[in-house]
Amino acid sequence: MSAKTSSGNFFEDFSVGMKLVHATPRTLTVGDVAVYNSLYGPRFAVQSSEPFAQAIGYRQAPIDDLIVFHLVLGKTVPDVSLNAVANLGYAECVFGVPVYPGDTIRAESEVIGLKENSNKRTGVVYVRSRGLNQRDEVVLSYARWVMVHKRDLDAPAPPTVVPELASVVGVDDFVIGALPDRLADYDYQLSGSEHRFGDYAIGEKIDHVDAMTIEDAEHQSATRLYQNTAKVHFNAFEQKESRFGQRLVYGGVIISIARSHSFNGLGNAFKLLAINGGRHVAPSFSGDTIYAWSEVLDVQVLGTHQRIGAVRLRTIALKDCKASEFARFNESGQYYPSVVLDLDYWVGIPK
Amino acid sequence: MSAKTSSGNFFEDFSVGMKLVHATPRTLTVGDVAVYNSLYGPRFAVQSSEPFAQAIGYRQAPIDDLIVFHLVLGKTVPDVSLNAVANLGYAECVFGVPVYPGDTIRAESEVIGLKENSNKRTGVVYVRSRGLNQRDEVVLSYARWVMVHKRDLDAPAPPTVVPELASVVGVDDFVIGALPDRLADYDYQLSGSEHRFGDYAIGEKIDHVDAMTIEDAEHQSATRLYQNTAKVHFNAFEQKESRFGQRLVYGGVIISIARSHSFNGLGNAFKLLAINGGRHVAPSFSGDTIYAWSEVLDVQVLGTHQRIGAVRLRTIALKDCKASEFARFNESGQYYPSVVLDLDYWVGIPK
Amino acid sequence: MSAKTSSGNFFEDFSVGMKLVHATPRTLTVGDVAVYNSLYGPRFAVQSSEPFAQAIGYRQAPIDDLIVFHLVLGKTVPDVSLNAVANLGYAECVFGVPVYPGDTIRAESEVIGLKENSNKRTGVVYVRSRGLNQRDEVVLSYARWVMVHKRDLDAPAPPTVVPELASVVGVDDFVIGALPDRLADYDYQLSGSEHRFGDYAIGEKIDHVDAMTIEDAEHQSATRLYQNTAKVHFNAFEQKESRFGQRLVYGGVIISIARSHSFNGLGNAFKLLAINGGRHVAPSFSGDTIYAWSEVLDVQVLGTHQRIGAVRLRTIALKDCKASEFARFNESGQYYPSVVLDLDYWVGIPK
């Protein structure tokens, strides 16, 4: 390999406090929105319609929060997780100012924790990453930890630092100022759902009914759109030798599919406020058919915003299994084999 | 299923005169145009080039008429045909004012007929649907009838109302005011065809020569772009148990492929004026290769527009069969098994 | 076949000096950029970020040079190579003024050479093609020669004219005025690479490491985006009877994949200056996994531009074979079976 080619960082290349400026700022456009729509078919009116978004107080139709999430994550891959064994988790993921077509997003990370594994072959790297727009406003902030290979097995272990991360983002940490303020003009007929914040009760479960079968061309296109270069998604030739024998679907594809399905039952949950945590329970492959269901974990009014309430959801994505049974754990408390995603997050819903 | 999840309307949920406001207005953009181009490769100069469109009198390059058709139809699916057994027909489909990037389209329908079937398990629902832009101008209007399941087989039959629908849209019903008015500046070299209105004769048949093989990733992307949620197109897992054993291609994909192929022989037929009727004769699946041919059924001058004439076409799409034999009916007057689409429509061609 | 349907030009239809105005001008948009990004995932900062492009002196982020190349080539297909047996070569390909979203590209060609083959069944057609924007500025110019079928085997052979074409585009032929002029503001952290012009040495080889497996839905979408109608890419039904038994991937797809991979090692080579020649050594098919490596063939300062230097590269694309061995020729001087592309071109890299 030439000295000019980046092979990514290995565990011993990281140190706590290290700052990473990730490559390739990206201007998002209506083109990205259309490609995203063709891949997932989302139907939330706020992101779909300029007049609808403007009526409630947005400057224009905001870009889907998950496009921003995937893009920022994608930018961190070459520096953080090119040599990752596994994505272990997310936490404290908060969505910031809205992103509009024409905005340019770049990403930065800081290493906030390191822990070598007892096998001395791998270690866990904790980073806090931020997405910023062209005015240096934060559009997204999250912590993530990944298990990374060591290049040199004899490299000394760094001091162990494990950051304390909140298991749930508190209501006070939401970026309330970024929410639209004219919700009185929200049209519940055009949005496709009459259900408001007050209609959701803790413990309620919703089968999102819809399902979608993933093709290799689709998940590859999605992952490239975010400029995510993780090899396992694109290289069938080498994946043949892996334990899965084929390309893996980027976990974010499952998140986007589940979110699109969630329109059926959560049609007014137009805003992602925060992601508390997510687990990619099992890998997905081309040919898998993805279903989803959600459970309401909490409901919270926002003291500083009269017209939107926060609903905490657990959304479970299943493969090749209808969601009508709300499958998650078996009797032994272990995930059913059909579960591929367990996502815990907050959405904003008009009151 | 949660009470919040829509399971769509069943036959007994409809009544004549009922108005339906369909969900999710959609702002169309140059992004949608590009995705559409990547899926079908249309080459009509008016839609492809801003200067070409502006030279003949459009404000900017209009969005392909079929994008508008698919989008409006897609919006009606959750309310009209989520529980459909079959799409039975279209009629009186008239294209209205041009749609430009930045316009936002929403859809409304009115139930204009109902007829329970003798098996008392299904019934036919007739609707008239309209697509409207952000200024409430009509961009598309059509009647459609679908066979819909009953939820409750004991529900009483409604009074039978079968609307009278024209078998052919009359020339006077075209929205002439929406046509461009500077056709003298139409460039027949850049358009790729020298053939004008006067060159087409009733009875003439044209083999469009080109062919295209459909992939699952392609028809799914197309159908999602229109926010069409009909389950049979996306769910390989459940379709395995269907009589087809696999996902069905949305019929509109075949229409768009045939229209793109028709450039070869109809290169100046840049404008869809109306669709008289269409029949999806047989289903299409991933792997099918689609050919098309057209027959000129009629030619009409437009009294109020000096520079464009109307040509009525029958376009037949075939799968895995070249169009050079102009196959349609066999000796018994039945469709050949290769026929998948029989579409009867009017196009505008410069004089 | 109807007289209205174009069957393309055959060998005897061409004459030296003949001018061809190709059909369907095409306005490029941010939608095309997004579709291209989803198909190849390029990461060069100049094309990805408006602020980055503007900082170094572009009016806005320019459209990827290869989109322009594929588009112009695609426009020439119906007139030049619809009846081609094979693409034989390119030469003297020079990129002109930058293309921005909103620009409209059309294409013209002139026949510059003809040579009937000794079998009297085919002949070689040499054309010089130009892409022009809406202000008639040249965005691309190149010579290309293709082997084309005769329609009538008895047609007399034309006088043989074989144009002299340069094997390498000279530094003085680059369109220097089209290069940005504020390279002092080029940000080497955001671009993802610290390597400048002076860091590249003749003979240096770079393994681009990344790999991508091609799907039929992907190469078809790419080829349609360029309005390229060559049948072999889209028609699985007829290709079953061909010697390959399946659809062929448009060679330009391989060029774009290799260029995207080349970011890894050539992250600041943001500008294609010229293509000296290219050879599609072997066909590619759906399922092939493409790798790439490059060798530095030459480095040249540009007398009239202080801040950019020209690096001549040979980029080799391989299928189902890692690039780490820099495979090209075997001991007999013949291409290894894994080689699919051998491309010789100049890139601009900041000093």
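Which residues touch the most other members of the largest nonpolar core?

Modeller: This is a predicted model, and what follows should be read with that in mind. In the largest nonpolar core, which has 307 residues, the members that touch the most others are A:V125, B:V125 and C:V125. In soluble globular proteins, nonpolar side chains tend to be buried together. Taking the copy in chain B as the part to examine, and leaving aside neighbours within four places in sequence, one finds B:V125 in contact with B:F11 and B:F14, with B:V80, with B:V111 and B:L114, and with B:W145, B:V146 and B:V148.

From that residue we can turn to how the chains are arranged. Chain B is superposed on chain A by a rotation of 120° with 0.0 Å of shift along the axis, at an RMSD of 0.0 Å, and that is the relation of a three-fold axis. The copies use different surfaces, in that 20% of the contact residues of chain B recur in chain A. Within chain B, the residue that comes closest to the rotation axis is B:G31, whose C-alpha lies at 2.2 Å.

Chain B also meets chain C, in a contact where 43 residues of chain B face 35 residues of chain C. On the chain C side, two or more residues are given by each of β2 (26-27), α1 (30-40), β4 (104-116), α5 (216-225) and α6 (236-239) of chain C, and the largest share, six residues, comes from α5(C). By residue class, this side of chain C that touches chain B divides into 12 nonpolar, 14 polar and nine charged residues.

A contact within one chain can be described in the same terms. Chain A is divided into domain 1, made of 1-28 + 63-165, and domain 2, made of 190-351, and the centres of these two domains of chain A, taken over C-alpha atoms, are separated by 22 Å. Their contact takes 20 residues from domain 1 of chain A and 18 residues from domain 2 of chain A. On the domain 1 side, α4 (65-81) and β3 (84-95) of chain A each supply at least two residues, with α4(A) giving the largest share, 10 residues. The residues of domain 1 of chain A on the side that touches domain 2 of chain A comprise 11 nonpolar, six polar and three charged.

How values were computed
Residues numbered from 1 in each chain as written. Chains lettered and ligands numbered in written order. Predicted model: local features only at pLDDT ≥ 70, side-chain atom pairs only at ≥ 80, totals over all residues. Core = buried A, V, L, I, M, F, W, Y, C linked by C-beta atoms within 7 Å. Buried ≥ 20, exposed ≤ 12 C-beta atoms within 10 Å, placed from the backbone. Contact = placed C-beta atoms within 7 Å. Least-squares fit on C-alpha atoms with pLDDT ≥ 70 in both. Domains from an automatic or database assignment. Helix = DSSP H or I, 4+ residues; strand = E, 2+ residues; numbered from the N terminus. Nonpolar A, V, L, I, M, F, W, Y, C, P; charged D, E, K, R; others polar.
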